[in-house]
Amino acid sequence: MKTFKVKYEDITNYNNIYAAHIDAMKGKSERNEIMRFTLDLDRNLNALYKDLKEGKYKTSGYRLIYIHVPKKRLIMALQYRDRVLQWAVYRVLNPLYEKSYIKDSYGCRKEKGREKAALRLQYWLRQTDRKPAQYYYLKLDISKFFYRVDHEILINILRRRIKDEKLIWLLKKIINSDKRPFGLPLGADPSEIDPCEMLFDKGMPIGNLTSQMFANIYMNELDQYIKHDLRLKYAERYIDDVIILHDNKAELWEIKAKIELFLHENLKLNLNNKTVIRPTTSKIDFVGYVVTKDEIRLRSASVKRMWARIKYISKAYERGEMTKKKVNATMQSYFGLVKYCTNKGLREKIIDSFSMHCTDAARAKALESQ
């Protein structure tokens with residue numbers, strides 16, 4: 001396995017830390033925490049640089065935030081100083097690891113969002129539909145993935161390519177928090193467990209930039225096994241969801257058993273009870289879309305959440321609690337979400353909802369983006 005010629009100093013030099021600050025504040029410069037940090041920017045960045053140079057860096061405490069979209073999740077928010085450090089790590093390491101990923105790995109990657117994952121699946125459905133055999137799909141979902149990542153295994157995976165022990169020390173500081181546990185006991189649910197019962201040797205905080213990178217590094221082990229050991233052509237992964245197409249239903253059950261064993265023995269992960277094997281002529285619920293060879297439709301639950309969010313931000317804008325810039329950014333994200341959807345009139349409805357509370361110029365911009 002090719003190792004990376006990357007050093008601790010590549011991440012912790014002042015120029016990279018400053019560039020990381022610029023990345024971390026993009027689109028968020030009006031937040032109070034960031035404005036306070038930038039008021040004394042030189043002192044704050046130099047303090048971070050000094051701690052890293054002297055090997056004294058410690059991750060600050062996390063704030064616990066529960067969100068309920070689409071289900072209850074525990075988000076752990078870092079202080080801005082630590083987010084700058086994570087951007088510094090990400091800027092250097094992520095481009096190196098990107099080169100090792102398979103083409104059909106999606107999620108938390110540039111130009112590899114869930115829309116592209118749905119399009120790739122549809123492309124394969126059209127390909128297999130032209131073949132004489134009946135194809136089936138196997139859908140796998142890993143149980144509580146972010147809460148179950150094993151720290152020791154993750155660090156050992158990182159050690160294969162990173163040989164600088166100082167850099168490994170820094171990555172351990174991010175992965176192993178001595179103040180806040182991230183892991184769930186097997187079978188536990190984040191919506192029910194008391195945070196004090198969580199595990200220190202497992203899990204990654206949902207919301208951290210490095211958690212997204214570590215997730216792909218961790219799951220690349222499974223990607224390589226599926227593509228190179230099992231030699232499966234029609235297989236893709238979106239974070240912790242896996243879809244495999246095959247023309248033999250019995251073999252798909254064998255493939256499922258092999259993957260389950262690999263996950264358990266190599267990554268200490270488990271599949272949940274959402275595993276299904278069905279004909280590819282069925283509608284496939286994947287990454288928030290319902291996909292067939294002819295259509296990509298936004299799942300009805302996702303549409304309901306979108307309308308609820310649009311209603312909320314419209315009222316917030318009317319009350320003066322949200323800027324037009326923020327409203328427009330939210331709407332643009334929805335335009336991207338539905339760009340490839342075949343839900344009739346969905347784009348037009350979003351534009352109409354957007355234009356009710358914005359100027360003609362903003363509406364023209366929204367129309368232009370379509």
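Lys256 is found in helix α11, where helices (H or I, at least four residues) and strands (E, at least two) are DSSP runs, numbered from the N terminus. The model is predicted: local features need pLDDT of at least 70, side-chain atom pairs count only at pLDDT 80 or more, and totals for chains, interfaces and linings use all residues. Residues are numbered from 1 along each chain as its sequence is written, and side-chain values use heavy atoms, with hydrogens and water left out.

Lys256 is buried, with a relative accessible area of 18%. Buried means under 20% relative accessible area, exposed over 50%, and partly exposed in between (1.4 Å probe, protein chains only). Residues up to four places away in sequence aside, Lys256 touches Leu138, Leu140, Leu271 and Thr275. Contact means heavy atoms within 4.5 Å.

Thr275 lies in the loop that runs from α11 (249-267) to β7 (276-279). Thr275 is also buried, at a relative accessible area of 17%. Its contacts, leaving aside neighbours within four places in sequence, are Leu138, Lys139, Leu140 and Lys256.

Phi of Lys268 is near 55°, a positive value in a residue other than glycine. Most residues other than glycine have a negative phi. Val287 also has a positive phi, of about 50°, although it is not a glycine. Val287 sits in the loop between β8 and β9 (289-291). Val287 is buried, with a relative accessible area of 9%.

Asp285 is placed in strand β8 (residues 284-286). Asp285 counts as partly exposed, at 29% relative accessibility. With neighbours within four places in sequence set aside, Asp285 is in contact with Lys139 and Arg299. Asp285 and Ala118 are 167 residues apart in sequence. Their C-alpha atoms are 9.7 Å apart in space.

At the level of the whole chain, the protein has 15 helices and 10 strands. Its radius of gyration is 22 Å, close to the 21 Å that the globule rule gives for 370 residues, so the protein is as compact as a globular protein of that length. The radius is taken over C-alpha atoms, and the globule rule is 2.2 Å times the number of residues to the power 0.38. The C-alpha trace spans about 65 × 55 × 40 Å along its principal axes. Of the 370 residues, 51% count as buried. Among contacts between residues at least 6 apart in sequence, 71% join residues at least 24 apart.

The protein exposes about 19100 Å², and carbon and sulfur atoms supply 50% of it. Accessible areas come from the Shrake-Rupley method with a 1.4 Å probe; for residues, only the protein chains shown count as cover. There are 72 positive and 46 negative side chains. Lys and Arg count as positive and Asp and Glu as negative; His and the chain ends are not counted. The centres of the two sets lie 2 Å apart, with each charge placed at NZ of Lys, CZ of Arg, CG of Asp or CD of Glu.

The average pLDDT (the predictor's confidence in each residue, from 0 to 100) is 90, and 93% of the residues score at least 70. Over residues 359-367 the pLDDT is below 50. Beyond near neighbours in sequence, this stretch has 11 contacts in the model.
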